[in-house]
Amino acid sequence: NSSKVIFTSDNLRSETFEEIFEDAKEGNKLDSVIKIKDRKRAIIRGTQIITHEDCLVVLGKGHEQFQELNGSFEEYSDHEVINEIYR
C-alpha cells in the first residue's frame, strides 16, 4: 500500500539481485518499483524522494552489522547510513 517503493539488496548469498527481484515480482505488481542494488544508495534515494508528509521505512537488515555478498561479509549498518544522512 505504499505510494513509493524501492527494492534493494539484503544478503545476496548465492543468488543474484535480478533473481531475487524476479521471485519478488511473482504475484505482485512491481512495475512502478524502483530497483537499486546498492543498499546504501537505495536508502539515500529514499530520503531524497520523501516529503515532510511521508515516512521512510527501511526493512530487511535491522540491527545487523554486515552484509553478505556471495560468501564474503562486508561491514554495513542501515542505522549508520541513516545517521550519516541526517547529521
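The chain carries 12 positive and 18 negative side chains, counting Lys and Arg as positive and Asp and Glu as negative, with His and the chain ends not counted. The centres of the two sets lie 5 Å apart, each charge being placed at NZ of Lys, CZ of Arg, CG of Asp or CD of Glu. This is a predicted model: local features need pLDDT of at least 70, side-chain atom pairs count only at pLDDT 80 or more, and totals for chains, interfaces and linings use all residues. Residues are numbered from 1 along each chain as its sequence is written, and side-chain values use heavy atoms, without hydrogens or water.

**Fold**
- The chain has three helices and four strands, taken from DSSP runs (helices H or I, at least four residues; strands E, at least two).
- From the N terminus, the order is β-α-β-α-β-β-α.
- The C-alpha trace spans about 40 × 35 × 15 Å along its principal axes.

**Burial and surface**
- Of the 87 residues, 25% are buried (under 20% relative accessible area; exposed is over 50%, partly exposed in between; 1.4 Å probe, protein chains only).

**Loop residue R13**
- R13 sits in the loop between β1 (6-7) and α1.
- R13 is not a glycine, yet has a positive phi of about 45 degrees.
- R13 is partly exposed, at 46% relative accessible area.

**Helix α1**
- Helix α1 covers residues 17-25 and includes D23.
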